Amino acid sequence: MSKLTPVVLFFLSWVLVTCTQSKPDISVQTFTDNNTSVKISWTNGYYPQEDEAIQQIVRQWENESGFKAELTFSAEDVNLQQTQAAIKADNPPDIVYNQKAEFALNPLMAWFGKVAEVSEVVEPMQERYSSSATRSAYLYNTLTRQQGYYAVPIHQQTLHIHYWRDLLNEAGFTDSDIPKQWDDFWKFWQQVQDKLRQQGKEDIYGIGLTLSSEANDTFYEFEQILAAYGINLLDEKAQLQVENPQVRQGIIEVLEWFADFYKQGYIPVDSVDWLPADNNVNFLNRRLVMTLNPTLSIPASQRSDEQVYRDKIETLEFPNNPDGNLPQYLVSVKQVLSFTASAHQKAAQSFLSFLAQPTILNQYLKQSAGRYFPVMPELLSDPFWNNSDDPHISVARQQFASTRPLNSLLYPAYAQIFAENLWGQALEKIVVEGVSSEAAADEVIQRIKMIFEEWERLKAGEK
């Protein structure tokens, strides 16, 4: 193997910024630790049902397999830090689930042969997965010099729009007033804020976009808006296009698109400091009329209140793209990993095979209140996902009918753009530091070029 380049050293030493969860960091041992226990490290859910769902599945697997497990939960950033440190020490858990694994762990760790190949688990099921799911887990290993499956996909997410119907009504509008065309759609939410402000509601905002470098939401939102404007940083051969004047201009325009809402006062001033849960919190506290969120966690958190879930919170598809075409939604696929240094390879493969069963995955997603969406299309026949009366899942189902993977799922170099949250950094420079959109765009472009050049050198060194 060639000498580690700066980009690789960055990945190996880099620790994600602290992320705020909706509940405090906890560590729960489901089973007594001993030398024969399979160590399963899982990120805290956003609500208790998620944790309970995986606990139940681990117990089912124990009963069927005869293996024993130690299941621990921790906050997302803590889980990631501990996993990275354990990988460096060649003492990782046997199984890890982290919501950032598909860009913060797997691309590089699979590249260096640190992640265990799980083709024996995925290949028998690959016809049942969506194409985005299989593509996200099919990665290159420089030790074997081959591609293979290095994760088990368990669910997917895309960007949803939520709004408060009763706040819309208070502003004098109804659902049918929401425009379908791009510019009119966003101007509409500005009008809603103006009307509510005229009624004395001073601390309410029409648009809940995230502009911080600390929240993953910023990346999802920015990439989706780039896609809406027809801007892709890669061509069909995965060649970087940032030096193309049209691509550069597109990045500038999208940066300005976000920044203008902020500068005009239609996005909260503190959105530049938001952590991942803050758009949820601000929306549920009714500070936002409308917000974007990459999962259905906002309505799912209100399932116990039928009136709020069904009558007050609405989920909405994106408007038509600026060119009038229907939107295509970018998806992120969440993954479960095992590691080559695992002390319990056979048991880890057993658990992953158990988890990958359609009935088990469906059980997990349903018991998690439907926050995420299935990666196996056959599961959509379940009444839970096929309920036209559900005002949120029915809309999400329509969205998942037209998708493509985020570039960060397909290309390790692009995953670092996500990991560094370059779009959030650029937006903060514009709205906090007063840097021009052109200068911020050029700085991001230079960093992206550097990332891709480092990866090209790395690849060349492995040939």
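The model is predicted: local features require pLDDT of at least 70 and side-chain atom pairs count only at pLDDT 80 or more, whereas totals for chains, interfaces and linings use all residues. Residues are numbered from 1 along each chain as its sequence is written, and side-chain values use heavy atoms, with hydrogens and water left out.

**Stop 1: strand β10**

Select residues 329-337, which form strand β10. Strands (E, at least two residues) and helices (H or I, at least four) are DSSP runs, numbered from the N terminus. Nine of the nine residues of β10 are buried, where buried means under 20% relative accessible area, exposed over 50% and partly exposed in between, with a 1.4 Å probe and protein chains only. In a regular strand the side chains alternate between the two faces of the sheet. Colour Tyr-329, Val-331, Val-333, Gln-335 and Leu-337 for one side of β10, then Leu-330, Ser-332, Lys-334 and Val-336 for the other; both faces are covered.

Two strands pair if DSSP finds at least two bridges between them.

- Strand β6 (residues 152-157) runs antiparallel to β10 and is joined to it by five bridges; Pro-153 has Gln-335 as its bridge partner.
- Strand β3 (residues 95-97) pairs with β10 in the antiparallel sense over two bridges; the partner of Val-96 is Leu-337.
- Strand β11 (residues 403-405) runs parallel to β10, with three bridges; Arg-404 in β11 stands opposite Leu-330.

**Stop 2: the three-stranded sheet**

Select β7, β8 and β9, an open sheet with the order β8-β7-β9 and antiparallel pairing. The edge strands, β8 (290-293) and β9 (313-316), each pair on one side only. Neighbouring strands of this sheet are turned by 30 degrees against each other on average, direction ignored. Between β7 (residues 160-164) and β8 there are four bridges, and His-162 has Thr-291 in β8 as its bridge partner.

Now show helix α9 (residues 182-198), which lies across β7, β8 and β9 and runs at about 130 degrees to β8. Such angles run from 0 to 180 degrees between N-to-C directions, and axes are lines fitted to C-alpha atoms, for helices over the stretch in contact; contact means heavy atoms within 4.5 Å.

**Stop 3: two loop residues**

Move to Gly-208, in the loop between α9 and α10 (216-228). Gly-208 is buried, with a relative accessible area of 0%. Leaving aside neighbours within four places in sequence, its contacts include Met-290, Thr-291 and Leu-292, together with Trp-274.

Then select Ser-271, in the loop between α11 (245-263) and α12 (278-284). Ser-271 is also buried, at 0% relative accessibility. Beyond its neighbours within four places in sequence, Ser-271 is in contact with Leu-209, Thr-210, Leu-211, Ser-212 and Tyr-262.

**Stop 4: the largest pocket**

Finally, select Ala-238, Leu-410, Tyr-411, Pro-412 and Lys-459, which lie nearest the centre of the largest pocket among its 17 lining residues. On a 1 Å grid over the protein atoms alone, a pocket is an open set of points where a 1.4 Å probe fits, with protein on both sides within 12 Å along at least five of seven lines; lining residues have an atom within 4 Å of a point. The volume is about 530 Å³, taken as the space filled by probe spheres set on the points, which are joined across faces, edges and corners.

Helix α21 gives the most to the lining, with four residues.
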